[in-house]
Amino acid sequence: TISVLHALEVRGFKNLERVLASVSKICGTPLIDLSSFDVPHAAMTLLPYKFMLRRGILVFDFIANDLLVIIMNPYDKQLRSRVEAMTGRNCHFYMTMPSAFDASLAKIHDQVVVS
C-alpha cells in the first residue's frame, strides 16, 4: 500500500503521530491502534484483497450490521462511498499507523489469499 502516511513512517518522520491526530480531527476519522484487534474472518472477506492493498482500506470489525473500516486516506470521500456500496452496509471509518495497517493486511493475505 502506498500512502503519504506510509512514506512518512518509512522515512522516520518524527511528528507522524501529530500528523495522524490532526488529519483524524479534520476528517472526523478517529485514530485507533489496529494491532489491538483480531480481524474476524467474515470481515477479511468483505472486500477483495487487491482492492484493500491498492486503496489502503480494510474492514476490521462489526458493530451489529455496521462495519468498522480503516482508511489510510480519509480525505477520499469517493472511496468511503464505494466501500459502503460494495458492502451494502453503513461504515464507520478510522485511521491507524501505517505499520499496523500493513501487519493486518499481511495477516489477511496469509489467511484469505494464500489458504
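This is a predicted model: local features need pLDDT of at least 70, side-chain atom pairs count only at pLDDT 80 or more; totals for chains, interfaces and linings use all residues.
A residue counts as exposed when over 50% of its relative accessible area is open, and as buried when that figure is under 20%. The face of α2 turned away from its buried side carries Arg18, Lys25 and Ile26, which are exposed. On the buried side sit Leu16, Leu20, Val23, Ser24 and Cys27. Looking down the axis of α2, these buried residues fall within an arc of 105 degrees, so they line one face of the helix.

What do the buried residues of α2 pack against? Their partners are α1 (4-10), α5 and α6. As for its length, α2 has twelve residues and reaches 16 Å from first C-alpha to last, close to the 16 Å expected at 1.5 Å a residue.

Now for the inside of the model. The largest nonpolar core is made of 34 residues, and Ile57, Leu58, Phe60 and Ile70 have the most contacts inside it. At least two core residues come from each of α2 (16-27), α3 (41-44), α4 (49-55), β1 (57-63), β2 (66-71), α5 (77-87), β3 (91-94) and α6 (98-113). The largest share, five residues, belongs to β2. In soluble globular proteins, nonpolar side chains tend to be buried together.

Leu58 gives a close-up of this core. Setting aside neighbours within four places in sequence, Leu58 touches Leu34, Met52, Leu68, Val69, Ile70, Phe101, Ser104, Leu105 and Ile108. One of these partners, Ile70, is also among the residues with the most contacts inside the core.

Conventions: Residues are numbered from 1 along each chain as its sequence is written. Side-chain values use heavy atoms; hydrogens and water are left out. A nonpolar core is a set of buried Ala, Val, Leu, Ile, Met, Phe, Trp, Tyr and Cys residues joined through side-chain atoms within 4.5 Å. Buried means under 20% relative accessible area, exposed over 50%, partly exposed in between (1.4 Å probe, protein chains only). Helices (H or I, at least four residues) and strands (E, at least two) are DSSP runs, numbered from the N terminus. Contact means heavy atoms within 4.5 Å. The expected span of a helix is 1.5 Å times one less than its number of residues. The arc is that of the directions from the helix axis to the C-beta atoms.
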